[in-house]
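Dear colleague,

Please find below the structure for your review. My notes on its interfaces follow.

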Amino acid sequence: MSALSARIPTRDELGLYLSWRKLPVLLAAAVVVFAFAYVLFISTLPASFGAGNWRTTTFGSAVHDPSSFLKITLDSLTFAAALFIVSSGFALIFGLMRTVNMAHGSFYLLAGYIAYEVQQGMTGQGFSLQSSEVNTWDWLVPLAVAAPCIAVIGLVTQQAFLRWNQGQELRQALITIAVSVIVADQIIGHFPRNTSEGQKFGGNAVDLTWPGWTDRFVNLHIGGVQYSLARLVMLGIGLAVGIGLWLWLYRTRTGMVIRAGVDDQKMTSALGINIQKTFAIAFVVGSALAALGAVVWASQSNISSGQDGVWLLNSLVVVIVGGMGSIFGAAAGAILFAFVSNFGAVYLPTTGSDCCTQYSSVLTFVLIALVLAFRPRGLFGKDA
Amino acid sequence: MRRLKLRSWKTAGVLVVISAAAVAVLSTGALASSHAKAVRVAIMTDCKGAFAFGYDVDIGGANTAFAQFAHGVTKSHSKPSAGMTGIKVGSTPIQVVGYGCGNDTVPTAVTETKRLMEKLNADVMIGPLSGDEAVYVANYAKAHPTKTFIIGTAGSQDPTMQIAPKNLFRYHGDGAQWNAGIGEIAYKKLGWRKAAIMMDDYSFGWTSAAGMIADFCAVGGDIVKRVFPPLNTTDYAPFVRQLPPPNQVDGYFWVVGGTGTGAALKAYEQAYGKLDPKQNIGNLFFGFLGADKVVAPKVVGSYVGGFGNMPGVHNPKVDAYRAYAKKLYPAQNVDDGFFYNYYMAAKALVLGLQKSGGALGAKLQAALPRSIQGPFQISNGGNVKLDARRQAIQDQYQLQLVKNPDGSVSPQVIAYVPGVDQSFGGLFKPTSPPPGRTQPPCKKVTTPWQGKIKVVANGKVTNQILK
Amino acid sequence: MRVDVGSWTLRTKLERLIAAAALVMVVVWPTFGGSYWTHQILIETFLFGVAAASLIFLSAYGGMVSLGQTALFGIAGVIIGNLATKGGPGGTSKGLHLGWDPTVALVLAIVLTTAIGLIFGAVASRSAGIYFLMITLTYSVIVNLTLGSVTKISGFSGIGGINRYTPGWIGDIQAHPTRLYYVALIVALAVYVLIRYIVRTPFGLTLQGVRDEPVRMASLGYNVPLHRTLAFGFAAFLASLSGILYVWWSGQIAPGNVDLGQTVDLLVIAVIGGLVRIEGAWVGAFVFVVMQNYITSNTHIPGLGFGGTLFGGSFNTIIGIIFLAIVLVSPDGLLGLWERILDTGRRLHLRGAPPSQPELPEPVN
C-alpha cells in the first residue's frame, strides 16, 4: 500500500465515522471549536457603551486584547488552584472509600471560622484587618490550628459513623448529610465570636487577610500585565498541594496502599494490609485539605454561612467532572470548572444590559451535565 | 386463629383510640382561637441567613415604641426577644404572639407568615425585614384584607408601588429612597460624569442601585456599565473584570451586600490596585450592618448611601429618642436603621389603635396615621407623611466614612436630603416595571430634592446648599 | 407456617386499619379541626408527600435515588406561574404573566415538566448509584441557577400571587381554602393508588427487574436505559403535581424553593418515612412538617426545656439529629422501624405462646 492511500480514509471508514450515531459527539466538538475560535478571534468590542450584538464581548477577542486574555487565564488558573485544594480532599475520600462525604462543605466552613478566630486573637483587632497588619506568621498559625482541628473532627466522624457501614454508599451519603446539617447549624449558633457585638454569631461574613507582602502586583513582563501576587501565591499553594499529593501517593508506601485500595479494596485488605488505618489516614488528609482550602479562600474572599453548600457543590462538580478517585481528575475538573465560569463571565456576548454574562453560572452547570451525559464516570474516571 | 384475631382487633382499637386522643389534644391547641379583645401582633424578622443579626435589633426597635407609647415593660434589658408585658393602648391590651424567623428567602417567609397569621392568629404583622420576603407578604396581604401589615424594614419597591394592597403600610423609605442624593453628591462634589455600577442580582440590589442610578442620571451623569454578580458568587474576579478600568470611568457605585461586599472589594483591589475613596461610592452595606468593621476600613473617606438614619447628628428630638432607647436597651445601636424602622412601625400601630379605639381590620387601616412624628425627620414639621399608596415620604441622610480617633471607622452624615418620595419625581410609577437589571434607564429628570440638598457639618444640619 | 402467615396478615391488617382510620380523620378534619392544621400542616403533608412519593417510587422500584425531584417540582411551579398569572395593575409584577386559561396552564405545566423529566432521565439513565445521585443533584443546581438568573421567567424573588389564578372547576381557593385541602387530598390518594397500580403492570415489574439485575435484564433483551428514562418521566409527572399544588397553596415560586436546602429536605422526608415503601412518603412528610412548624428557634416545647434549641442550634440541629438517628438505627425509616417492631413483637409472641393445637387446614373455597 502506498503511503498516500494509507493516509486517506476510505469511503467506508469515513461513512462510519460520520454516521448519525457519532452526531452528538461531532456537534459537541464543533461547539467547542467554535467557542475557542470565538474567544480567540471572532469576538469584538462593543461599538459604544451599552450597544452590542452576538459578537461583542467585554474585552473583544484574545487577538485584539491579549493582556486581558492573559489576566482572565490567570484568574481561571488561580481559582482552579483553590478549587483543586478543596476538591482533592473530597476526591481522596471518595476515590478510596467510595464515601461521598457530604459534610465536606461543613468542615470547610468550620475551618474558615476557626482560622478567623485565631487570626483575630493574634492580631487583637476584632474587625477586618488591613494587609499591612498581617504578617506571614499571622496567617500560618491560624492554618496550623484549623487544619488539625478539622482533621480530628473528620477522624471522629469517620470512626464513629462511617467505619462500620463501609460499602453502603447511600447510607454513608445520608449520614454525612445529617452531620453536615448539624454542623452547619451549630456553626451559625456559635460563630463568629471575635467581632463587634452586633455581628456576633449567626454565621455572619468575616474574612481572613493574606500576609502583607502579598498585597502587591507582579509585573509579568508580557503585554505589560500586572497581576496580583496574592492570587499567584494561591496558585503556588495549589501546585504545592498537587505535587505533594502526587509525591505522597506515588512515592510513599502509604500512598501505594491508598492507590491499591482505590483499585481493589477487597484484594488489598486480603493481602493483610490494615485497610481501616488507611481509610482513617485518607479521611484525615482529606479533611485537612478542606481546611487548607478554607483558609486560602477565606483570605482571598470571605467566609460566611451558606458557603458550606457552595463549596460542597464545587467539590462534587469538580470531582464528578474530572473523574472520581483520581487526583489528576480533580485537577482537570477544577481547571475545566474554573475556566468555563471565568471565561463565561467575561467572554459571553454582551448584547445589551440584560444578556448574556449573567448566565455564565447556568452555562457552567449545563456543560457539567453534558460532560456527565457523554462520560458518566467523568473525563478521566476509571470504569470501575 | 380466633385468639389472634381478637388480639389484633384489640391492638388496632387501642392504636386508633390513642391516635384519636393525640389528634384531639393537638387540635384543641389548634382550635384555641383568640376570642380575647387583645390585639394580637406578630413581629416578623430574620434569625437566619444574611440578616440573622437583625433579630434582636428589630424586636428591640418595636419594643422601644411599645414601651414609650403603650406602657410596655421589657422583660430583659439585654435581650429584646425575651418579650414584653403590659402593652396596652387605652383599655386594649396588645399581645405579641410570636416572632417570625425568616432567612431572607421566600419559602421560609411563606412558612413563617402562615405560622404567625394563621396558627398564632395574629391580627397585625410588623415586618418583614427583607425585600423579597416583603414582596411575598404584600401578595399575602392582598389575599387577607382583614389583617393589617406594617412593613418592618424591607427595602423592595414592589410592595407599595406595584402591588400596594390597601392593608399594607410602610413608614420608611425603600431601597431607592435611601440612596436619594448620593448621585448628586458624586456629580457635584466628586465631579463624576461617567460611572459604572455593580449590584447584587436580586431585588434589593436592583432597588438600591435604582436609587443611585436615578439620582446620578437625573443631574446629568451617565451610567456606562452595569454588572450583576449573582448572590452567593464564589469568585468576584470575573465580575470585577467586567467593570471598566479606573482610567475609563470617573467612579464606581457598589451595591453588593451582606456576604459579598468585602469579597467584591478585595477582588477589585487585586485587579486594579488600592481602592480610591474618591472613586468608590457604596450603599448602606459600606457603613452599616457590620460593614463598619469588615468593609469600611478599606474605603475610609468614601461617600456612602444612607439608611434613613442620621448617626452623629444632634438635635433635641433625636437626642431624646436616643436617650430613651439607650436606657431601655443599652447594648443596641439605636441609630441603626433596622432598629429605627421597626420602632416607627410599632409607633404607628399604637397611634392607629388609639384612634380606632382598639378596633381592627378596615377600621384600623383607616385609623393608622398618614402623618407621623419621626425622630429622624426634620422637614414637614418633623412628620413622615404617607403617600397615596401608603408609602413614606422620608428625609434621607447621605454619609461619608470617617476614621475615629480610636482607629475604628464609622459613617457620618454629611448631607441632608429633604422629603424623598418613592417615585423620584415621577420616574418610578405603578405601571412601570419594578427595578431590575435595566430598570431604571439612565434619564435626566428633575427630582424634587435636586439642588435642595443641605450640607451637614459637625452633627448639625446647616442651611448651606450642597454645591 | 400457619402462624407465620397469620402474623403477616396481622401487620397488614393493622396497617390497613390505621390507614383507614387516618383516612376517615383527614376526610372529616376540616369540619372539626383547627384551620391551621387544615390549611398548613395537612396540605403541606399531602403535597410534599406526593413529591417524596415520586422520590421513593424511583428508589424503591427503580433502584435510583434521585435528588432531582425538587427541580421538577420547581419547574412545574414556574411554568404554571408564568402561564396563568396576569400582569398589569392588580396582577403579579414578575414573570411572563401570559394570563392564559388556568386549566390550559395546568395541563401544559404537567406535560412540559414530564417532557423535561424524560430528557433528564435520558441523560442520567446510563449512570447508577452514587453517580446518578450526583447527576440529579446537578439538575437541581441548574434549575436553581436558571430560575435565579433568567429574570424574565422568575428571578431571585420569583413569582407571586399564583393562587389567584386557579381553574374554574376548582374555584377561588382564597375565598374557599378548604377546596384546596380536598384537591390535595384527592391528588395524594390518586398518586398513591396510581403508583401501587403501576408497579403491578408489566412495566412496573420490568422496572423492578431492572432495579435488581440490570445486566440480566439487558441480556434478556429489555432496554434498560429506556425503562429508567420512562420511570424518571413518571416520577417527573408526580413531582409536577406536587409543584402545582405548592404554588396554589403558597402562591409563590422562587429559586429558594429549589436550592440545596430544599433538595436535601425532600430527601430527608423520604428517608424519615422510609425509602422502600410508598406510604413512607406521607409519614415522613407529616413528621417533617409538624416538626418544622412546631420547633422554631423560639418556641418553648414543654419537656425539652431549652426552648426547642440544642446547644445553641435551632430546628435544623434537631432535625439533623433525628435524621442521623433514623439513618443509623433504621435505614428503612420510620416504616422500617415499624416493621421491625412488629416482627420482633411477633417473634416474642411466638416464643411465649403455649404450644398451640395442631391446626386443621382451612377448607379451600
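Residues are taken to be in contact when their heavy atoms lie within 4.5 Å. By that criterion, the contact between the two chains takes 35 residues from chain B and 45 residues from chain A. Please bear in mind that this is a predicted model.

Chain B and chain A bury about 3,500 Å² between them, with 53% of it on carbon and sulfur atoms. On the side of chain B, Thr234(B), Arg241(B) and Gln270(B) lose the most area to chain A, together 21% of what that side buries. Four salt bridges are counted between chain B and chain A; in one of the salt bridges, the side chain of Asp235(B) meets that of Arg231(A) at 3.0 Å, N to O. Nine residue pairs are in polar contact across this interface, both residues being at pLDDT 80 or more. H9(B) gives the most to the side of chain B that touches chain A, with six residues. That side divides into 13 nonpolar, eleven polar and eleven charged residues.

Within chain B, the assignment gives domain 1 (39–175 + 313–394) and domain 2 (177–312 + 395–465). Their centres, taken over C-alpha atoms, are separated by 26 Å. The area buried between domain 1 and domain 2 of chain B is about 3,100 Å², of which carbon and sulfur atoms give 55%. Gly175(B), Val313(B) and Gln394(B) supply 22% of the area that domain 1 buries against domain 2, more than any other three residues. Zero salt bridges are found across this domain interface, whereas the count of residue pairs in polar contact is 22, both at pLDDT 80 or more.

With kind regards

Notes:
Residues are numbered from 1 along each chain as its sequence is written. Chains are lettered from A and ligands numbered from 1 in the order in which they are written. This is a predicted model: local features need pLDDT of at least 70, side-chain atom pairs count only at pLDDT 80 or more; totals for chains, interfaces and linings use all residues. Side-chain values use heavy atoms; hydrogens and water are left out. Buried area is the accessible area (1.4 Å probe) that two parts lose on being put together, summed over both. A polar contact is a pair of N or O atoms within 3.5 Å; within protein, one must be able to donate a hydrogen and the other to accept it, and residues adjacent in sequence count only if both atoms are side-chain atoms. Helices (H or I, at least four residues) and strands (E, at least two) are DSSP runs, numbered from the N terminus. Ala, Val, Leu, Ile, Met, Phe, Trp, Tyr, Cys and Pro count as nonpolar, Asp, Glu, Lys and Arg as charged, and the others, Gly among them, as polar. Domain bounds come from an automatic or database domain assignment.
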